[in-house]
Amino acid sequence: MTSWSIEGGLPLRGEIAVSGAKNSITKLLVASMLSEQPSHFRNVPNIGDRLITQEMCGAVGAQFESPSAHGLIVHTPQITNHAISAELGGRNRLAIMMMGPLLHRSGRAFIPAAAGGDQIGPRPVDFHLEGIRRMGAKVQIRDGVYQIESDGLHGAEIELPYPSVTTTENLLMAAALAQGRTILRNAAIEPEVMDLVIYLQKMGAIIDYNVDRTFVIEGVSKLNGANHRLMPDRIVAASLGVAAVATGGDVFVRNARQTDLLTFLNTLRRVGGLFEVKEEGIRFFHNGPLKAIHLETSVHPGFMTDWQSPFLLLLTQAEGMSVVHETVFEDRFGYVSALQQMGAEIALYNTCLGNHCRFHSSNYKHSAVIKGPAQLKAAEINVPDLRAGFTYLIAAIMAQGKSIIHGIDHITRGYEDLEANLRSLGARIEAVQ
Ligand code: EPU
């Protein structure tokens with residue numbers, strides 16, 4: 001695992017380009033395997049999670065070619081294996097997404113139950129399994145492996161208990177080639193889900209989308225390859241926006257797209273952060289005091305849970321008491337203890353400080369009260385996961401003194417050219433042994 005030393009105290013200034021979304025490319029790679037024809041993706045990010053997913057797809061028959069720096073051709077003429085190894089399945093959360101292509105093209109999908117990815121709550125896959133059962137698959141669990149089998153999926157009426165992003169994407173893929181019509185209610189409508197829908201339509205799928213979070217999918221008998229340019233990563237864009245404002249800097253985030261960031265930008269404006277939307281991206285900057293606010297994470301179009309940790313860090317610099325209520329994942333404040341160690345004043349509660357959410361009677365500390373402004377000081381920190389990790393980097397850039405951050409590899413799963421990019425904005429980073 002890589003460690004960095006960061007000398008903080010300087011604002012970030014300059015320009016940085018955001019590439020394609022992690023949570024889009026990983027699903028698109030899997031979706032491409034629904035067809036035996038090649039697909040060509042552009043604006044593909046060079047990040048760890050994409051490589052892990054590529055390895056997983058490669059292990060069942062996908063072949064890859066990179067015609068350009070951010071281009072990727074995926075071709076799966078044949079499914080060569082229906083089982084994902086425990087080792088690959090444990091490296092991110094994508095293994096369960098393989099069930100659609102594997103079932104349609106080989107009738108079987110054996111998927112390890114233990115998944116990797118950020119530890120931000122129990123993250124079960126019960127919605128995925130219930131959905132595929134309703135579409136006619138047989139699901140058993142043996143020796144820690146979901147053994148999913150089908151001799152032809154059919155359409156079904158499915159109502160999700162909660163608008164889960166990956167469940168929606170998984171069932172969209174399965175339904176695209178199922179026989180008959182699938183109605184998927186209470187579905188997720190995140191921009192990354194819509195990026196997948198757009199790609200599936202290019203492949204030949206028929207997917208209607210109603211105003212009430214319902215997708216209606218008319219199964220087709222065959223999908224073709226397609227060309228697709230990925231949407232920009234709105235989590236990376238927002239994280240960089242926060243980094244600019246929190247350090248009192250001025251950063252132009254090239255390719256940041258206003259439509260994907262509407263709620264983020266409104267919230268930033270409420271706090272007192274400044275931004276200017278330009279044709280090719282968004283400039284984020286700040287000087288003067290910041291204001292405390294109440295904030296609640298939610299499904300799209302609400303304030304996304306992945307923006308929560310960098311934004312909470314920003315709120316440590318706001319004058320007064322801010323409140324953050326996390327309603328999507330029950331355990332997403334694990335990173336707070338390191339910020340407390342750096343001098344932030346944050347208290348966590350298991351009650352809902354805001355609307356009643358699914359976690360109201362649980363013991364999970366899913367609300368935070370932040371008192372600011374706090375002068376952050378340098379610390380030695382271990383990165384637990386991807387999003388928390390980026391937040392620690394910004395905290396170290398804000399803090400006075402030299403911080404040591406261990407476990408940088410967690411962050412490069414989702415952020416491209418991190419070191420070079422942050423250095424180009426003026427961050428003083430050195431790799432340490
Ligand atoms: N849920 C269930 N059962 C299921 C599926 C979900 O109870 O079968 C619950 C989850 O436990 C959670 C809620 O539903 O409480 C929402 O989870 P969702 O399924 O929407 O999250 P996800 O699909 O596992 C994706 C992203 C996350 C992002 C969330 C929310 C990917 C690979 N991951 O996770 O991204 O935070 O949607 O937008 O797309 C990240 O990029 O770092 C990341 C964690």
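This is a predicted model: local features need pLDDT of at least 70, side-chain atom pairs count only at pLDDT 80 or more; totals for chains, interfaces and linings use all residues.
Residues are numbered from 1 along each chain as its sequence is written, and side-chain values use heavy atoms, with hydrogens and water left out. Local features need pLDDT of at least 70 and side-chain atom pairs pLDDT 80 or more, whereas totals for chains, interfaces and linings use all residues.

The ligand sits in the largest pocket. A pocket is an open set of points on a 1 Å grid over the protein atoms alone, where a 1.4 Å probe fits, with protein on both sides within 12 Å along at least five of seven lines. A molecule sits in a pocket if more than half of its atoms lie within 2 Å of its grid points. Domain 1 (3–18 + 232–432) and domain 2 (22–229) both contribute shell residues, so the ligand lies between them. The domain bounds come from an automatic or database assignment.

There are 25 residues around the ligand (a heavy atom within 4 Å). Lys27, Asp126, Ser164, Thr166 and Val328 come nearest. The shell divides into nine nonpolar, six polar and ten charged residues. Helices H1 (22–32), H5 (126–134), H6 (165–176) and H12 (386–398) each supply at least two shell residues. Helices (H or I, at least four residues) and strands (E, at least two) are DSSP runs, numbered from the N terminus.

Polar contacts are pairs of N or O atoms within 3.5 Å. A side-chain N or O atom of serine 164 is 2.6 Å from a ligand oxygen. For phenylalanine 127, a backbone N or O atom lies 2.8 Å from an oxygen of the ligand. The side chain of arginine 358 places an N or O atom 3.3 Å from a ligand oxygen. Taken alone, the ligand exposes 830 Å², of which the protein buries 93%. Areas come from the Shrake-Rupley method with a 1.4 Å probe.

Backbone geometry was also examined. The peptide bond from histidine 300 to proline 301 is cis, with omega near 10°. Proline 301 is in the loop between strand E18 (294–296) and helix H10 (308–315). The bond from glycine 372 to proline 373 is cis, with omega near 0°. Proline 373 is in the loop between strands E21 (367–372) and E22 (380–382).

Key
A polar contact is a pair of N or O atoms within 3.5 Å; within protein, one must be able to donate a hydrogen and the other to accept it, and residues adjacent in sequence count only if both atoms are side-chain atoms. On a 1 Å grid over the protein atoms alone, a cavity is a set of points where a 1.4 Å probe fits but cannot get out, and a pocket is an open set with protein on both sides within 12 Å along at least five of seven lines; lining residues have an atom within 4 Å of a point. Ala, Val, Leu, Ile, Met, Phe, Trp, Tyr, Cys and Pro count as nonpolar, Asp, Glu, Lys and Arg as charged, and the others, Gly among them, as polar.
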